[in-house]
Amino acid sequence: MDDFNINPAEGQPLQPSGPEMPSPALQSSAFAPQPQAFVPQTTPRTSGPLPPFTAQEIRSFRHKAEMPIYTAMVVFNVFVIAFAVVASILAFFDIGPLTGTTGAMFNQLILGIPAEASAHVEVLFILIALPFVLLFAVYLYYAQYRANAIRITEKNFPEIYEVVEDYARRLGLKKVPKIYLTQENGVMNAFATFILRRQYIVLLTDLFEVAYLEHHDLNSIKFIIGHEMTHIRLRHATFSYNMSILFANYIPILSNALSRAREYSCDRVAQHLVGVSGIEPMLALIVGKHLYKKVDIEDYVKHCRETRGFFVFLVNLLSSHPIMPKRIQALLRDHGSGRLFF
Ligand SMILES: [Zn+2]
């Protein structure tokens, strides 16, 4: 799960949704702000049996920094595990970095336990227990949604189910992911997440309603679903992916940069999957489901270009999702990678 933060049980949300959550749309019918801008289709491409994306297409949609950062984090993760195992074994012979004064410092600064405690026992316990704790948490999280949500099926919101089936085919997913619909006190969000060998998507009602309220904006929901299903296609929302960067995720600037790159990747795939710009659902996340159609996009884009400076840079740097001005500017183009940092 990627998300807003590192908590795997939080899934890959569309946007950071609240202080308790420690882990992204394209149809602007009248908007063509620059010559290279994405040109929305009057007829979204979902109507016909379009062929599945090729692996090469998917690669070209990925943010160029995603795989390099991911690889670096996997290497770091392996290094941490190898270091922990070797240092723990050495500690049984009373040598190595987990003994003596360095061991005492490690206990206090990293593990937060008394200096005289046996760090190697704690380290081995964490290494073995953490995957099980993670699994327990994700199954509990999944049960919570199953127990309090409506599943989108052929009978419940069939027009949405049809879209999910079509996108699963075009993205080359082995299974059609289950999608759960629930409300969370007005929060507008959506995320893809996982249990051990399966992935699912949660859509929060307040966002989902844009398809059924006054705007009947099915395209924005398609974009959101396309984005979340891409998290599954790109394996962001899998147990193995999250295990592969489990410890590296504790480096906040790196984990947030990877998370932002994942969001750009999923936005780009969703654009091509749905055939809309994806700007409108973003505007809905900013101003809500009733007002977003009233936003003058050209004026907002001007505002986006003016939204910069050191503190804006800092907000983006520490965020799991690209700040909206950067995200929307990336959506204005139908190719290339969005700006991760500046
Ligand atoms: Zn996302």
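The legends below describe several close-up views of a predicted model.

Residues are numbered from 1 along each chain, following its sequence as written. Because the model is predicted, local features are reported only at pLDDT of at least 70 and side-chain atom pairs only at pLDDT 80 or more, while totals for chains, interfaces and linings use all residues.

**View 1. Overall content of the protein.**
The protein contains 13 helices and 5 strands. Helices (H or I, at least four residues) and strands (E, at least two) are DSSP runs, numbered from the N terminus. Of its 342 residues, 41% count as buried. A residue is buried if 20 or more other C-beta atoms lie within 10 Å of its own, exposed if 12 or fewer, and partly exposed in between, with C-beta atoms placed from the backbone.

**View 2. The nonpolar cores.**
A nonpolar core is a set of buried Ala, Val, Leu, Ile, Met, Phe, Trp, Tyr and Cys residues joined through C-beta atoms within 7 Å. The largest one has 59 residues, and Ala-190, Ile-201, Leu-203 and Leu-207 touch the most other members. Helix H9 (residues 252-274) supplies the largest share of this core, 9 residues. Another core, of 6 residues, lies apart from it and includes Ala-87, Ala-91, Leu-98 and Phe-106. In soluble globular proteins, nonpolar side chains tend to be buried together.

**View 3. Surroundings of Ile-201.**
Not counting residues up to four places away in sequence, Ile-201 touches Pro-177, Ile-179, Ala-190, Ala-192, Glu-228 and Met-229. Two residues are in contact if their C-beta atoms, placed from the backbone, lie within 7 Å.

**View 4. Packing of helices H5 and H7.**
Two packed helices are described by the angle between their axes and the distance between the axes. The axes of H5 and H7 come within 10 Å and cross at roughly 40°. Axes are lines fitted to C-alpha atoms, for helices over the stretch in contact, and angles run from 0 to 180 degrees between N-to-C directions. H5 and H7 are therefore oblique to each other, since angles under 35 degrees count as roughly parallel, over 145 as roughly antiparallel, 65 to 115 as roughly perpendicular and the rest as oblique. Their crossing is right-handed; a crossing has this hand if the near helix is turned clockwise from the far one by less than a right angle, and is left-handed if anticlockwise. H5 contributes Ile-160, Val-163, Val-164, Tyr-167, Ala-168 and Leu-171 to the contact, and H7 contributes Ile-221, Lys-222, Ile-225, Gly-226, Met-229, Thr-230 and Arg-233. By class, this contact of H5 with H7 has 9 nonpolar, 2 polar and 2 charged residues. Ala, Val, Leu, Ile, Met, Phe, Trp, Tyr, Cys and Pro count as nonpolar, Asp, Glu, Lys and Arg as charged, and the others, Gly among them, as polar.

**View 5. Helix H13 and its partners.**
In helix H13 (residues 324-331), the buried residues are Lys-326, Arg-327, Ile-328, Ala-330 and Leu-331. They pack against H9, helix H10 (279-287), helix H11 (297-306) and helix H12 (310-317). The axes of H9 and H13 come within 10 Å and cross at roughly 35°, and this crossing is right-handed. Tyr-264, Asp-267 and Gln-271 of H9 meet Arg-327, Ala-330 and Leu-331 of H13. Met-324, also in helix H13, counts as partly exposed, with 18 C-beta neighbours inside 10 Å. Beyond residues up to four places away in sequence, Met-324 touches Met-282 and Ile-286.

**View 6. The loop between H7 and H8.**
Leu-234 lies in the loop between H7 and H8 and counts as buried, with 23 C-beta neighbours inside 10 Å. Leu-234 and Cys-266 are 32 residues apart in sequence, yet 8.3 Å apart in space, C-alpha to C-alpha. Arg-235 is placed in the loop between helix H7 (218-233) and helix H8 (239-244). Arg-235 has a positive phi near 65° although it is a residue other than glycine, and it is partly exposed, with 13 other C-beta atoms within 10 Å.

Phe-157 is found in the loop between strand S2 (150-151) and helix H5 (158-171). Its phi is positive, about 55°, although Phe-157 is not a glycine. Phe-157 is buried, with 21 other C-beta atoms within 10 Å.
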